[in-house]
Amino acid sequence: RGLAAALSLGADGAVLGTRLWASQEALGPSSYKDAIASATSCDDVIRTCVFDTICNSNRPDITKWPYPFDSSGTLRNETTESWDTRIPELEAALRTSKIDKGGGGGLSIVEKLNRAEKEENPSEGCVYCGQGVGEIHSIDPVFDIVQRVEQEAIQSLSNLVHVMPR
């Protein structure tokens with residue numbers, strides 16, 4: 001439907017980023033791909049700077065994501081729920097954890113994210129995705145995905161011909 005809509009509006013094509021990320025050939029954790037396929041709607045996606053804020057706190061200045069590009073479309077999870085509405089508190093906590101290396105015995109925010117990424121844990125790690133997640137229900141080969149998108153777009157566009165008055 002997305003391709004048909006884009007073509008109807010005069011575009012030459014459409015981006016299939018999230019759909020192809022959730023394919024058999026895409027490199028990346030299968031647990032993250034499965035989380036994308038399990039998402040039920042675009043409400044499962046959040047545009048947030050939580051992950052960039054955490055990662056930027058641990059990067060040299062030259063590799064930080066600059067404002068206003070320091071946000072990402074990701075699946076909602078424990079990390080985004082904890083921090084998305086509290087970015088100033090997150091920044092303060094990240095500054096504090098550089099001074100106090102977790103004297104309380106717990107993991108720092110950066111260490112928790114690093115552990116989640118290492119363990120490929122989508123409930124805490126950064127699962128990049130876009131608004132189309134609700135339309136993804138399986139992890140398929142890219143050839144099958146592209147062929148299905150093409151066939152569905154052709155069918156949708158041919159249905160428009162029958163509906164449009166001449």
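Colleague: Why is Glu124 called buried?

Modeller: Glu124 has a relative accessible area of 14%, and a residue counts as buried under 20%, as exposed over 50% and as partly exposed in between, with a 1.4 Å probe and protein chains only. Since 14% falls under the 20% limit, Glu124 is buried. Please keep in mind that this is a predicted model, in which local features need pLDDT of at least 70 and side-chain atom pairs count only at pLDDT 80 or more, while totals for chains, interfaces and linings use all residues. Residues are numbered from 1 along each chain as its sequence is written, and side-chain values use heavy atoms, with hydrogens and water left out.

Colleague: What makes Arg115 and Glu124 a salt bridge?

Modeller: The term asks for a side-chain nitrogen of Lys or Arg within 4 Å of a carboxyl oxygen of Asp or Glu. The side chains of Arg115 and Glu124 meet at 3.4 Å, N to O, which is within the limit and therefore makes the pair a salt bridge. Arg115 itself has a relative accessible area of 32%, so it is called partly exposed.

Colleague: How many salt bridges does a search of the whole structure find, and which residue does Arg1 pair with?

Modeller: The search finds six, and in one of them Arg1 pairs with Glu135, the closest N and O atoms being 2.7 Å apart. The two residues are 134 apart, with Arg1 in the segment before α1 (2–8) and Glu135 in the loop between α7 and α8 (142–163), and the pair thus links distant parts of the chain. Arg1, at 65% relative accessible area, is exposed, and Glu135, at 52%, is exposed too.

Colleague: Which residues make up the largest nonpolar core?

Modeller: A nonpolar core is a set of buried Ala, Val, Leu, Ile, Met, Phe, Trp, Tyr and Cys residues joined through side-chain atoms within 4.5 Å. The largest one has twelve residues, namely Ala22, Tyr32, Ala35, Ile36, Ala37, Ala39, Val45, Leu75, Val127, Cys129, Val133 and Ile136. Helix α3 (residues 30–38) contributes four of them and gives the most to this core. In α3 the buried residues are Tyr32, Lys33, Ala35, Ile36 and Ala37.

Colleague: How do you know that Cys42 is in no disulfide?

Modeller: A disulfide needs a pair of cysteine sulfur atoms within 2.5 Å, whereas the nearest cysteine sulfur to that of Cys42, belonging to Cys129, is 10 Å away. Cys42 counts as partly exposed at 36% relative accessibility. Cys126 is in no disulfide either, with the sulfur of Cys55 as its nearest at 7.2 Å, and at 7% relative accessible area Cys126 is buried. The search of the whole structure finds zero disulfides.

Colleague: What does Thr48 touch, and why does Thr48 count as buried?

Modeller: Thr48, in strand β1 (residues 45–48), has 2% relative accessibility and therefore counts as buried. Contact means heavy atoms within 4.5 Å, and, leaving out residues up to four places away in sequence, Thr48 touches Asp70, Ser71, Ser72, Thr74, Thr80 and Asp84.

Colleague: What radius of gyration does the protein have, and what would a compact globule of 166 residues have?

Modeller: The radius is taken over C-alpha atoms, and the globule rule is 2.2 Å times the number of residues to the power 0.38. A compact globule of 166 residues would come out near 15 Å, but the protein has 20 Å. The C-alpha trace spans about 70 × 30 × 30 Å along its principal axes.

Conventions. Helix = DSSP H or I, 4+ residues; strand = E, 2+ residues; numbered from the N terminus.
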